[in-house]
Structures are given as C-alpha cells and as structure tokens.
Amino acid sequence: MDRRGFVTSGMAAGLAGFTGASGAIGTFLDRAPGFARGKTLANGDIRLSSNENPLGVSPAARQAIIDAIVDSNRYGGRRQEVLDELARFLGVKTENLTLGFGSTEILQVCTQAFQGPNTPLIMAEPTFEDVMDYQDTMPFEVHTVPLTADLQHDVGRMRELSKKRPSVVYFCNPNNPTGTITNSADIDAWIAEAPETTVFLMDEAYLEYVTDDRYWHALKWIEQKPNVVVIRTFSKIFAMAGLRLGYAVTHPTTAVRLNEHVIQNSPNVLAGAAAVASLRDEGIVERSIKVNEEAKSIVIQTLDELGLDHVPTNANFLMHRINGDLRTYRNRMADAGLLVGRDFPPMLDHNRLSFGLPDEMDRWASTIKDFRKKGWV
Ligand SMILES: Cc1ncc(COP(=O)(O)O)c(C=O)c1O
C-alpha cells in the first residue's frame, strides 16, 4: 500500500494524481455537491492562527447535523454507531477506542490515568503544550527536551531521560507548532524495546497532511503494546473543531482504563451525527488535503519570492521568519484583518501561519508583499 493510502486507511484513493495546480481548486469546489465554505469570523477577519480546517464540515455532515437537531432534547449521541463507523474506518475493533470531547479530553485523561508524582512527563520544546498544562491541577514533573537542529523530537535524549523511572512520553508527530515530522523508524525502535512502564502518547492530530515518507502512524503497536496510546481528532481533517470530538486508539485493556476517566455518553447528538456522516463521506479526506496543498503552495511561493525562510511542513500550517518583531508583525496583520500566529518560545523569530482557503491565502500573500514594500518584513 502506498504511504497516503496507508495513512488514511484507504479513504484517500485517487490522491496520487493530484498535482496541486493553481486554480484547480476553484473548479473542484464548484463541483463539490452541496459545498459551502466555512465561515470567516463575524467581523470579517480571517483566522489563520488556530490550525483549523477552513473548508467547514462536509455537506453530508452539515445535513446530518440539521437532521439531528430535533434529537437534541434526548440523551445519546449515536455512540455505538460512531464507534462502529470509526472502527471500520480505522480497521480496528470498537474495544480499541475511547471517545473524548476533542483529543484535548483524551490528553487530559491520559495524564489522570498515567501521570503521578513519581511519573514524569517527557516532551519536546516547542510542541503542543496542552498535555503539560494539567500539571496545574495534578502535580507531576515535566522534562522538556529541545527539538533537534532539523526540528525533530530528540528521540535519543528523550529515551535517556525515560530510563530512570516510569515515564509518560508525549510525541506530537507531526509536531505543532513546527509542522515537522520525527522519523517514525526512530520512534518505533524505542517503542519496540521500551518497558511497559514507559507510556507513549502518540498525538497524530495532523497525520493526514503528511507528505514525508519517513513518517507513518503508530496504529500497528496497539495490539501488542498496551503502553502506546494513539491520539486523533475530528477537528482537523474532518473540520469539526467546534463540535469537539477526538479519540484514542489503544489495546483493549488500556481502553478500559481510559474509558473510566472520560466523560460518559460522548459524543453529543450533533457531533455524533456529523462524525458518522463524515466517516461515510469518502471524499472528505481528499478534499481537505487538496485545499490544504493549494493553500500551502501559495504560501511557500510567496515566502520564497520574498526570501523569507520557512520550515518544511507536513501539516495545515507552517512556521516562517518575518525579519522583525513578531508582535508588531502580528498586530499589523490583525489591522489588515488577518489573525496570524501567537508566541511559541523559544522560536520567537518565527510566525506560525495556519492555512486558510486559497483565496484567503491570496489575501495574506498580497498583504505580506505590501509589508515588504513598506520595509516591515
Ligand atoms: C497536536 C494537537 N493535538 C491536539 C489538539 C487538540 O485538538 P482537539 O481537542 O480539537 O481534538 C491540537 C489542537 O490544535 C493539536 O494541535
């Protein structure tokens, strides 16, 4: 199976022929039945700062949500149907699954289930910070390990740290905020030899966007390794961030443990309806990837034209230099109606830009070119 087919469990058939030719996306969207783009913010600003999917939920999910509204007075969000569809989509069993209020809930319950005063968390810096924030309510040590020069997780150093005692290791792969991948072979070599007291949280929020062949997902471990938790979300590729649905894929014994911690009766009625429809919509993964590729190529071309360095990305965002003060740059972009990035120490000389729709990225491109004329970037 080719890499993309492998990554998306066969849902992205036909992708191989995608060229990302500029202009193709308009026609493509025009042909998508029932397609309506995701909304910009109420004041007309364009948000390019939260790694959302700008397409909006799929037409099928939109209709399913409308149809499900009348069920909103009842408990029960088609939980079993969601589990069945998700298991089918991933090629796993329902016993392997834990549903959460976004993958954020999964990360939170992983800290509850595995973390403790004698079990430190080992994670990269910079990476998605959420998991270490639960330290505020439940004391555990956090060891941060800087990314390597090519912005991969420093697998060797993280591994050394884990040798001292039971540990929880967080891998964000692809990594947010850098968009870079860490070689899956290096991670696999560690997982294969690690004791069960080293728990691996494999956050794969952006896996469908990966184009680098050195990356593959971690699902193959779940049957043999109860200490591997694969964490995924409906927020990105399925454009359901506001509906809040994420999940863990694990060994059945780990799923039992995690399910004891999650809020019962997930998902809610509307998220459940949207999830079932999205999982049955065979084009949605392909559409999201296509739009992302188109937006990405506009951004890369613009940055290259301006000579602004950027980090090779495998996600729906990238980091780039701006030649100047980051806050001033963001404020100026906000004045132009474009919300871009936030601080990601220690990379304070880079801005993280999330990809919007191609026409939104055209607007960003003309704005940053204008900044160059003014000597601002
Ligand atoms: C790497 C990563 N993991 C998890 C999340 C949380 O996503 P959600 O709670 O919407 O599933 C995000 C959100 O941006 C993220 O970037």
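Author: We'll go through the sheet, some helix pairs, the ligand site and a few backbone details. Keep in mind that this is a predicted model.

Reader: Okay, let's begin with the sheet. What holds strands together in general?

Author: Strands of a sheet pair through backbone hydrogen bonds, and the pairing is either parallel or antiparallel. Here, seven strands make up an open sheet with mixed pairing. Going across, the order is β2-β8-β7-β6-β5-β3-β4.

Reader: Which are the edge strands?

Author: Look for strands that pair on one side only: those are β2 (97-100) and β4 (142-146).

Reader: Can we zoom in on one pair? In what sense do β2 and β8 pair?

Author: Antiparallel. β2 and β8 (residues 246-249) are joined over four bridges. For a landmark, find L99, which stands opposite Y247 in β8.

Reader: I see a helix over that part too. Which one lies across β2 and β8?

Author: That's helix α4 (residues 79-90), and it runs at about 120 degrees to β2. It also has a helix partner, α10 (residues 269-280).

Reader: How do I read the packing of two helices?

Author: Check the angle and the distance between the axes. For α4 and α10 the angle is about 25 degrees and the axes are 9 Å apart. Angles under 35 degrees count as roughly parallel, so α4 and α10 are roughly parallel to each other. There's a handedness as well: α4 passes α10 in a left-handed crossing.

Reader: Which residues in α4 and α10 meet?

Author: From α4, you have R79, E81, V82, E85, L86 and F89; from α10, G272, A275, V276, L279 and R280. Sorted by class, the residues of this contact are six nonpolar, one polar and four charged.

Reader: Let me try another pair. At what angle do α11 and α13 cross?

Author: Roughly 10 degrees, and the axes of α11 (residues 284-306) and α13 (residues 358-373) come within 9 Å. On the α11 side, E294, A295, I298, V299, T302 and L306 take part, and they meet P358, M361, D362, A365, I368, K369 and R372 in α13. That contact has eight nonpolar, one polar and four charged residues.

Reader: Now the ligand. How many residues surround the ligand?

Author: There are 13, and the closest are G102, S103, T104, T233 and S235. Helix α5 (residues 102-114) gives the largest share of this shell, three residues. By class, you'll find four nonpolar, eight polar and one charged around the ligand.

Notes
Residues numbered from 1 in each chain as written. Predicted model: local features only at pLDDT ≥ 70, side-chain atom pairs only at ≥ 80, totals over all residues. Near = placed C-beta within 6 Å. Nonpolar A, V, L, I, M, F, W, Y, C, P; charged D, E, K, R; others polar. Pairing = 2+ DSSP bridges. Contact = placed C-beta atoms within 7 Å. Axes fitted to C-alpha atoms, helices over the stretch in contact; angles between N-to-C directions. Parallel < 35°, antiparallel > 145°, perpendicular 65-115°, else oblique. Left-handed = near helix turned anticlockwise from the far one by under 90°.
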